Amino acid sequence: MNPTEIAVSGPLLFASGLSLLAGMISFASPCVVPLVPGYLAYLAALVGADAPAVKADEQTKRGRYRVLGAVGLFILGFTVVFTITVGGLVWLSDQLLINEDVLQRVGGLVMILMALVFMGLVPKLQKDLRFHKLPRGGLVSAPILGGIFGLGWTPCIGPTLSGVLTLAASTGGSSARGILLVLVYCVGLGVPFLLIALGARWAVRATGWLRENGRKVQIFGGALMFAVGVLLITGLWGEVIAWMRYAFISDTELPL
């Protein structure tokens with residue numbers, strides 16, 4: 001498949017959409033949303049600005065564009081960690097001579113297990129191993145904090161990121177495809193931080209709603225992961241991907 005085909009590939013577009021949604025669900029989960037005010041307050045302190053508003057009745061704070069830069073570096077930090085970690089795992093799967101059908105079914109089992117973890121049904125894995133000591137050293141601490149955020153295991157980020165890895169492997173995965181899906185996932189996880197730092201009122205209101213309905217988000221995200229896992233195990237996922245390849249590429253005229 002040449003680069004043009006990859007760009008219009010149904011499987012890749014579908015997997016990218018799911019990866020973006022997984023990132024947004026990770027942000028909306030009870031493992032992340034309650035921590036947002038603390039992370040943003042710390043990042044604001046690094047640049048000498050007011051902490052962004054996290055409640056609908058708060059006024060827009062000063063220095064929001066400086067906070068936006070710090071948040072961007074924070075997102076860069078966890079994006080690098082996720083890309084190296086998951087991209088490396090996808091590369092390893094490329095090197096394994098495993099039948100594609102077997103790989104899909106194994107991935108389906110992993111996806112279903114991660115769905116159960118995400119919904120809180122595996123108590124032993126409901127632990128946060130995140131480092132809690134904040135880095136010091138000015139603005140350079142922002143990407144370091146993002147890296148620490150990325151290194152920590154939580155029952156919400158870990159399963160969804162594992163789901164992205166499974167998607168990369170089950171859509172004809174390659175290292176480049178896996179890295180792309182991880183980057184899309186980071187966009188879904190990181191953009192809400194940027195919107196809140198920028199002072200977008202609707203984003204602040206949405207965050208308040210998410211704090212109140214975190215359990216519903218967990219159930220929805222877990223159910224979505226469970227459904228994809230079932231499709232992988234039964235082999236129906238391959239049929240969906242084959243249909244998309246035909247629908248998106250068969251009638252497309254590619255430039256020379």
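## A tour from the surface patch to the ring cluster

Start with helix H2 (10–28) and helix H8 (175–198), each of which supplies at least two residues of a nonpolar patch; helices (H or I, at least four residues) and strands (E, at least two) are DSSP runs, numbered from the N terminus. The model is predicted: local features need pLDDT of at least 70, side-chain atom pairs count only at pLDDT 80 or more, and totals for chains, interfaces and linings use all residues. Residues are numbered from 1 along each chain as its sequence is written, and side-chain values use heavy atoms, with hydrogens and water left out.

Select Leu20, Met24, Val187 and Val191. Together these surface residues have about 300 Å² of accessible area (Shrake-Rupley method, 1.4 Å probe; for residues, only the protein chains shown count as cover). Patch members have over 30% relative accessible area and no salt bridge, and nonpolar side chains (Val, Leu, Ile, Met, Phe, Trp, Tyr) are joined within 5 Å, like charges within 9 Å. A salt bridge here is a side-chain nitrogen of Lys or Arg within 4 Å of a carboxyl oxygen of Asp or Glu.

Zoom in on leucine 20, in helix H2. Its relative accessible area is 33%, so leucine 20 is partly exposed (buried is under 20%, exposed over 50%, partly exposed in between; 1.4 Å probe, protein chains only).

Next, show the whole chain. It has eleven helices and zero strands. Of its 256 residues, 46% are buried. The accessible surface comes to about 12,600 Å², and carbon and sulfur atoms hold 70% of that.

Now turn to the aromatic rings. Rings of Phe, Tyr and Trp (its six-membered ring) pair if their centres lie within 6.5 Å; planes under 30 degrees apart count as stacked, over 60 as edge-to-face and the rest as tilted. The count is ten aromatic pairs. Select tyrosine 39 and phenylalanine 74: the ring centres are 5.4 Å apart and the planes at 45°, so the pair is tilted. Tyrosine 39 sits in helix H3 (residues 36–46) and phenylalanine 74 in helix H4 (residues 64–95), 35 residues apart. Both are buried.

Phenylalanine 149 lies in helix H6 (residues 141–151), so the pair ties helix H4 to a part 75 residues away in sequence. Phenylalanine 74 has a relative accessible area of 0%, and phenylalanine 149 has 1%.

Finally, select Phe27, Tyr39, Phe74, Phe78, Phe82, Phe149, Tyr185 and Phe193, which ring pairs link into a cluster.
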